[in-house]
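Welcome! Take a moment to look over the structure below before reading on.

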Amino acid sequence: SQENTIIHDSGRSGAKILGAPFIFDETSNLSSSILGLVGRNLYEQPDHPISITRKLIESCFEEPTFKHFAMNNPVVTVTDNFDTLGFPKDHPGRSRTDTYYVNSTHLLRTHTSAHEHNAFSWLAQNTSSKGYTICADVYRRDSIDRSHFPVFHQMEGARVWPPQENRAAVIQRDCNDMPQTNLLVEDQATDFSTDANPLQPEHNPEEVHLVARHLKLSLEQVIQRIFQASQASLPSTARSDAPMQARWIEAYFPFTSPSFELEVDWNGEWLELLGCGVTKQSILEKAGLTNHIGWAWGVGIERFAMLLFGIPDIRLFWSTDPRFLKQFTRGKITKFEPFSKYPACYKDIAFWINATPSGSSLVGASSTSGVAAAAGGDATKASPTETQPAAFHENDIMEVVRDVAGSLVEDVKLVDEFVHPTSGRKSLCYRINYRSLERTLTNDEVNGLHDEVGKRMEGLFGVELR
Ligand code: FA5
Ligand code: MG
């Protein structure tokens, strides 16, 4: 996008994101390929499957009880994304191998929960609403395959009950108001007495069980709605009258307790759709919701959309190909008709990772992989502040591949790994599947991309290509 650029100016680098300037520091790890995806706002294009799915989920949480928000700017503070939510300082989600940092104070949000505090504060001021949903694009440095892309969409929801006489009876009544579903649900997360998934000390156990019940019933309504819409989009002969199978399992989030995940049976495998739980009391109190109790959830919109429309590859959501976009209409669930796939081109990259890195030819893992490359900087020189190179991390090769080839790569898989018996050095081999969704790639083009991947792996991580 024109609004987003990486700027490299006499030794100083930075970025303009949606028009706002940021100065990079040693924490920055943005790439121009990721910035190119900021601001597309797919959830605001009425005929796009992401937007259609968003509306379907929103329709399960009616106004005015719920207020629906969308947050266009993905740049948030480290405080909002992690600290306020109680992420421990050493939580892996904070690492630069997992998260896109604009600089040491700002990042591309990794989840919609980054807006929880503000949304709860809004609720404290607007008592005619009892809850909200938030829709937004979120960013993670992740592996590459058909169901993972560095940008995806989440929707977050929350509901609170203010302090009142006989509140348990009120929550119970709200549970009773919920229509029956015909899902086949197995609940493996009903015991909140374990250390792994405890009740909060401030809470009344009876209320917590009811809040958890209300949470699970609310989300089962969503699953039911999705399942019905998906069935209705099939020709009558292809419909199944078997109920959809789902299960609740225990989970952990720093900002809810107890916490749960919902998985559904998808072609014989359990697919995780969402995480949720009873909101931590400290978070409600900080937002001014004194003595309230409530729940929160976060879902991956692409996961729902893939189920709903039968979309087989997460990259398709970013396609501008009319053969994709023309298939969808606002308010309608239709099955995706695959158009012909262009040929795949597999290339292997094998390399030794240094068991005892010398440090001289390395920068910290992933330190400025994108920035240095995009800004034309010399990535092979260790910066003075980073004499201790971090270990090679799998997400580093993913990031290099994404940066070089963007969405021309379908997936990257580790196909071989061994340790040399005498030298003790470790060798890894990754298979990169180059395939465009929009055209046939030429041999020269793929070779050029693959050579560049190798060069950057050598330059950035000091690996020795085999
Ligand atoms: C979270 O992000 C929590 N913020 C959810 C939450 C909100 C919990 C409020 C409690 C209260 P998690 O990292 O599991 O949790 O992501 C939530 C969902 O996003 C997942 O269940 C999945 O559906 C989706 N998701 C996660 N990673 C990806 C990815 N790389 N690509 C597509 N979808 C993803
Ligand atoms: Mg999860």
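What follows is a short walk through the domains and some of the strands.

This is a predicted model, in which local features need pLDDT of at least 70 and side-chain atom pairs count only at pLDDT 80 or more, while totals for chains, interfaces and linings use all residues. Residues are numbered from 1 along each chain as its sequence is written, chains are lettered from A and ligands numbered from 1 in the order in which they are written, and side-chain values use heavy atoms, with hydrogens and water left out.

**Two domains**

The protein is divided into domain 1 (37-74 + 109-325) and domain 2 (340-465), with bounds that come from an automatic or database domain assignment. Their centres, taken over C-alpha atoms, lie 35 Å apart. At the interface, 15 residues of domain 1 are in contact (heavy atoms within 4.5 Å) with 20 residues of domain 2. The two domains bury about 1500 Å² between them, 44% of it on carbon and sulfur atoms; this buried area is the accessible area (1.4 Å probe) that two parts lose on being put together, summed over both. On the domain 1 side, R141, I144 and R315 lose the most area to domain 2, together 53% of what that side buries.

The rule also finds four salt bridges across this interface, a salt bridge being a side-chain nitrogen of Lys or Arg within 4 Å of a carboxyl oxygen of Asp or Glu. Elsewhere in this account of side chains, D411 and R146 meet in a salt bridge (3.8 Å, N to O).

**Strands and their partners**

Strands are DSSP runs (E, at least two residues), numbered from the N terminus, and two of them pair if DSSP finds at least two bridges between them.

| Strands | Bridges | One bridge pair |
|---|---|---|
| β10 (residues 245-253) and β11 | seven | R247 and E263 |
| β11 and β12 (residues 269-279) | nine | F260 and C276 |
| β14 (residues 345-353) and β16 (residues 426-434) | nine | F351 and L428 |

β11 forms a hairpin with β10, with two residues between them. β11 and β12 also form a hairpin with two residues between them, and N267 in that turn has a positive phi of about 50°.

Four strands form an open antiparallel sheet in the order β15-β16-β14-β17. β15 (409-419) and β17 (464-465) stand at the edges with a single partner strand each, so one side of each is left without a neighbour in the sheet.
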